[in-house]
Amino acid sequence: MNVIKDLESIIEIICDAKSIAVLTGAGVSAESGIRTFRDPDGFWAKLNPAELASANGFIANRQLVWDWYQERRAIIAECQPNSGHYAIAKLEALVDDFTLITQNVDRLHQSAGSRNVLELHGNIIDNHCFDCGQTYENAIDPRDHSLPNCQNCGGKIRPSVVWFGEMLPEYEMEQAVISAQKSDVFFTIGTSAEVYPAANLPLIAKDAGAYVIEINPNPTAISSYMDYVLRMTSAQAMPVILEEIIKRKPK
């Protein structure tokens with residue numbers, strides 16, 4: 001693999017692209033200090049996901065689930081977007097048609113300035129009622145572990161993330177597929193490509209004729225399908241790509 005040659009090719013096709021889609025995963029946020037779920041010391045390592053991120057787990061032990069999400073919120077509140085987040089946001093401003101599809105729930109992309117964001121797995125900032133579905137408008141203090149109740153029906157408030165066994169949000173998934181199908185270039189950045197249906201999006205883009213590019217320090221299940229692979233992190237690769245694109249854009 002010739003990284004310099006691949007970078008040059010990637011920059012050239014980005015400069016020619018009219019539509020770009022980017023799929024990001026936990027690896028992007030890991031560089032901001034948010035551990036990934038699949039790391040040996042990650043969030044799932046010592047706890048059963050079925051007890052923390054499922055409707056049945058929430059019903060069985062609401063306090064345990066709420067405490068766990070409050071701890072995650074506290075960690076996220078102390079984290080800032082990294083140079084990968086900022087480079088992706090700045091790239092959006094340079095492209096006529098740009099869609100960011102993220103599996104991350106921390107909203108760091110939006111904090112960095114990304115605007116057209118599809119959250120496939122929801123987010124950990126918002127909350128809604130488990131019983132009636134109404135949005136919970138009150139701010140949540142991560143230090144407060146008391147259980148909030150719905151202002152509409154008195155029901156149980158839960159984080160607005162997609163749990164195991166739940167469907168991905170229909171609109172977001174539909175728009176993600178459309179973005180993949182119409183893209184000239186499709187990036188998959190910092191994702192293990194093991195979570196479906198998101199892992200299918202780069203393959204949908206490739207089948208539709210897009211260049212597909214993986215940025216990940218580790219091989220993934222879809223690496224062999226990629227047109228270009230950069231064994232780098234998002235924070236390493238994206239600022240370099242952005243800088244070169246800015247240099248080559250007409251003044």
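This is a predicted model: local features need pLDDT of at least 70, side-chain atom pairs count only at pLDDT 80 or more; totals for chains, interfaces and linings use all residues.

**Strands, helices and cores**

Reader: What makes S2 and S3 a pair of strands?

Author: Pairing requires at least two bridges. Strand S2 (residues 97-102) and S3 have three bridges in the parallel sense, so they meet that requirement.

Reader: Which helices lie on these strands?

Author: Helix H8 (residues 170-182) packs on the sheet and touches S1, S2, S3 and S6, with its direction at about 130° to that of S3. H6 lies across strand S1 (19-24), S2 and strand S6 (185-189), and runs at about 150° to S2.

Reader: What is the order of the strands in the sheet?

Author: The open sheet has six strands, in the order S3-S2-S1-S6-S7-S8, with parallel pairing.

Reader: Why are S3 and S8 called edge strands?

Author: Strand S3 (117-119) and strand S8 (228-230) each pair on one side only. From one strand to the next, the twist averages 15°.

Reader: Why is helix H6 described as mostly covered?

Author: Seven of the 10 residues of H6 (residues 83-92) are buried, and buried means under 20% relative accessible area. The buried ones are Gly84, His85, Ala87, Ile88, Ala89, Leu91 and Glu92.

Reader: Why is alanine 235 called partly exposed rather than buried?

Author: Its relative accessible area is 21%. Buried would need a value under 20% and exposed one over 50%, so alanine 235 belongs in between. Alanine 235 is found in helix H10 and, not counting residues up to four places away in sequence, touches Glu31, Asn82, Ser83 and Gly84.

Reader: Which residues have the most contacts inside the largest nonpolar core?

Author: They are Ile20, Phe187, Ile215 and Ile241, in a core of 29 residues. Among the elements that give two or more residues to this core are S1, H6, S2 and helix H10 (234-248). Leaving aside neighbours within four places in sequence, isoleucine 215 is in contact with residues including Phe187, Leu230, Met238 and Ile241. Another core, of 20 residues, lies apart from the largest one, with Leu23, Ala210, Ile222 and Val229 among its members.

Note on methods:
Residues are numbered from 1 along each chain as its sequence is written. Side-chain values use heavy atoms; hydrogens and water are left out. Buried means under 20% relative accessible area, exposed over 50%, partly exposed in between (1.4 Å probe, protein chains only). Helices (H or I, at least four residues) and strands (E, at least two) are DSSP runs, numbered from the N terminus. Axes are lines fitted to C-alpha atoms, for helices over the stretch in contact, and angles run from 0 to 180 degrees between N-to-C directions. Contact means heavy atoms within 4.5 Å. A nonpolar core is a set of buried Ala, Val, Leu, Ile, Met, Phe, Trp, Tyr and Cys residues joined through side-chain atoms within 4.5 Å.
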